[in-house]
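Please read these comments on the charged side-chain pairs alongside the model.

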Amino acid sequence: MKHSIQGAILFFLLVFSSSASAREQFSITLQANESVPYWIEKPFYRGMGYEIIAAISKEMGITTQIEFRPLKRLIADTANNDLGNPLFYMNNQSFAAIIPIAVTYSAFFSYRPHTKACSLHPNANGCTPRRIGALKGTISDPSALATFGTFEESYSHESLFKKLKKGRITLALELDLVGNQSIRTLFPNEVDNFDVQIIPETASPIAIMIDSSTPNALMIGCRYQDGIHRIIQNGVYQKILQKYYGKAPIPSDWYSNLSNFEALYAITSSKGDQ
């Protein structure tokens with residue numbers, strides 16, 4: 001009888017402990033570099049990444065604060081929790097969990113009144129010789145673009161797309177959502193005059209990266225990962241994407257790429273149990 005009572009008490013304690021752990025509220029600070037429209041340091045309009053994290057946090061009961069810092073400082077800090085492309089950070093920092101939450105694509109933008117939409121094939125028939133513009137410092141090897149045309153740099157998004165509209169460049173190389181946002185801001189009445197072509201095999205992840213020294217890092221990582229699965233299933237995630245893509249179609253391989261990146265940076269079940 002005594003052993004039976006002790007067993008019942010032990011079972012109760014285990015169940016209570018498990019239930020308390022499931023209800024545990026986590027607070028965490030994540031740091032990002034401002035990059036419109038993914039991360040925006042403005043009240044009431046914080047960007048696509050911010051909205052995704054806010055939706056996950058609400059779904060999972062996580063208190064998440066996002067701070068903004070210059071990219072160089074984020075990379076140099078080896079003990080913080082980062083937001084962005086893991087490739088920028090993994091050489092300098094050890095992360096307990098990396099949770100992809102979105103996908104970026106490189107794209108070529110053109111202005112229809114000056115040039116008809118052309119295939120991205122380097123030798124596409126009927127295309128005039130192309131002059132390609134990109135932001136200064138974003139192309140590590142300009143010679144790689146030689147098959148597509150000549151290359152020149154701009155110092156701002158505004159300059160890049162004004163050159164495109166004036167016909168000084170034939171194509172602007174930019175992240176798809178960054179380009180769409182720049183066009184809507186600069187030329188709101190001419191959005192339909194711009195074409196965008198996603199460059200194949202240029203998908204990159206935007207991820208939450210939890211530093212190895214963060215308390216409960218693995219548990220928090222699993223909570224975020226579970227959260228993004230939930231907001232995808234309940235449709236909240238799709239609504240956020242549609243808000244930022246507007247009239248432009250969401251890339252057809254968005255979700256498959258997101259799934260592939262999740263598998264690449266997988267949090268194993270053994271980690272989640274710790």
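Predicted model: local features only at pLDDT ≥ 70, side-chain atom pairs only at ≥ 80, totals over all residues.

1. Residues are numbered from 1 along each chain as its sequence is written, and side-chain values use heavy atoms, with hydrogens and water left out.

2. Side chains of opposite charge can pair when their charged atoms come close. A salt bridge here is a side-chain nitrogen of Lys or Arg within 4 Å of a carboxyl oxygen of Asp or Glu. The count by this rule is 8 salt bridges.

3. Arg112 and Asp195 form one of them, at 2.4 Å from N to O. The pair joins distant parts of the chain, 83 residues apart: Arg112 is in the loop between β5 (106-111) and β6 (131-135), and Asp195 is in strand β9 (residues 194-198). Strands (E, at least two residues) and helices (H or I, at least four) are DSSP runs, numbered from the N terminus.

4. Asp195 is buried, at 15% relative accessibility, whereas Arg112 is partly exposed at 39%. Buried means under 20% relative accessible area, exposed over 50%, and partly exposed in between (1.4 Å probe, protein chains only).

5. Glu152 pairs with Lys163, their closest N and O atoms being 3.1 Å apart.

6. Arg230 and Asp226 meet at 3.3 Å, N to O. Both lie in helix α6 (residues 217-233), 4 residues apart, about one turn of the helix. A network of salt bridges links Glu59, Asp226 and Arg230.
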